[in-house]
Amino acid sequence: MPKIDDLFAEFDVPVLTAGVDEVGRGPLCGDVVTAAVILDPENPIVGLNDSKKLTEKRREALFIEIKDKALSYCVARASVAEIDELNILQASLLAMHRAVAGLAVQPEFVLVDGNKVPNWPYRAQAVVKGDSRVPAIAAASILAKVTRDREMAEFESVYPGYGIAGHKGYPTKVHLAALQKLGVTPIHRRSYAPVRAILEAEE
């Protein structure tokens, strides 16, 4: 993974740089979860990468290491109600804002995965595929994904029959079939087309 200095030298990126990423834009249910991480250059973490490219076991191990070694981190979210009210893009940006604001150490610069930067007072830069290119963003993606995956596993017992622990809320055939059979739960995003269609059919 290239060094931040190699990618963003023109921005004069300082040491206190936070990486920010979100998980859960595509699922039909659950919150969108974000994380912000400021890594410690004196305490490096080996093996950081896009959380989707890591095994579950490796993500879980790095989750612990990141929380132990980072200078600062914060996990935040936007709720299902906020997603339905604002739309998923704006809810994701809101959750990112909450993650950075929640850092115990405030950053001098923020690198955000993707192509959008929230409306905030920080010097910032969006980085397309940043979770594969920037270590701090990769760390954020791991914290966010492990947190959300754990929550989805817990929902399995609250809403049995939907297979949430397996598909994590994404619109798989199993999930869509369960929605048709069992109906919409309180954790489903009513603004999403497959969920909205079921609700409209019930009216």
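Student: Which residues does D113 touch, leaving out those up to four places away in sequence?
Tutor: D113 touches V20, D21, M96, V127, K129, G130, D131 and I137. Contact here means heavy atoms within 4.5 Å.

Student: Before I go on, what am I looking at, and how are residues numbered?
Tutor: This is a predicted model, with residues numbered from 1 along each chain as its sequence is written. Local features need pLDDT of at least 70, side-chain atom pairs count only at pLDDT 80 or more, totals for chains, interfaces and linings use all residues, and side-chain values use heavy atoms, with hydrogens and water left out.

Student: Where does D113 sit? And is D113 buried or exposed?
Tutor: D113 lies in strand β4, residues 109–113. Its relative accessibility is 16%, which counts as buried. Buried means under 20% relative accessible area, exposed means over 50%, and partly exposed is in between (1.4 Å probe, protein chains only). Helices (H or I, at least four residues) and strands (E, at least two) are DSSP runs, numbered from the N terminus.

Student: Which residues does the UniProt "binding site" annotation cover?
Tutor: D21, E22 and D113, according to the unreviewed UniProt entry. UniProt positions are given in the numbering used here, with feature names shortened, and annotations may be inferred rather than shown by experiment.

Student: Now D21. Which strand is D21 in, and what is its relative accessible area?
Tutor: D21 is in strand β1. D21 is buried, with a relative accessible area of 3%. Leaving aside neighbours within four places in sequence, the contacts of D21 include D113, D131, V33, T34 and A35.

Student: What stands opposite D21 in β2?
Tutor: A35 does. Strands β1 (residues 17–23) and β2 run antiparallel, joined by six bridges. Two strands pair if DSSP finds at least two bridges between them.

Student: Which strand do seven bridges join to β2?
Tutor: Strand β3, residues 72–78, and these two run antiparallel. I38 has S72 as its bridge partner in β3.

Student: How many residues of β2 are buried?
Tutor: Seven of its seven residues, so to speak a mostly covered strand. Both faces are covered. V32, T34, A36 and I38 are buried on one side, and V33, A35 and V37 on the other.

Student: Switching to cores. Which residues touch the most other members of the largest nonpolar core?
Tutor: V37, L39, L48, L62, I66 and I142, out of 20 residues. A nonpolar core is a set of buried Ala, Val, Leu, Ile, Met, Phe, Trp, Tyr and Cys residues joined through side-chain atoms within 4.5 Å. β2 (32–38), α2 (56–69) and α6 (135–158) each supply at least two residues of this core. The largest share, eight residues, comes from α6.

Student: What does I142 touch?
Tutor: Not counting residues up to four places away in sequence, I142 touches L48, N49, S51, L54, R59, L62, F63 and I66. There is also a second, separate core of 19 residues, including C29, A91, A95 and Y159.

Student: Last one. How many helices and strands does the protein have?
Tutor: Nine helices and five strands. Buried residues make up 49% of the 203 residues.
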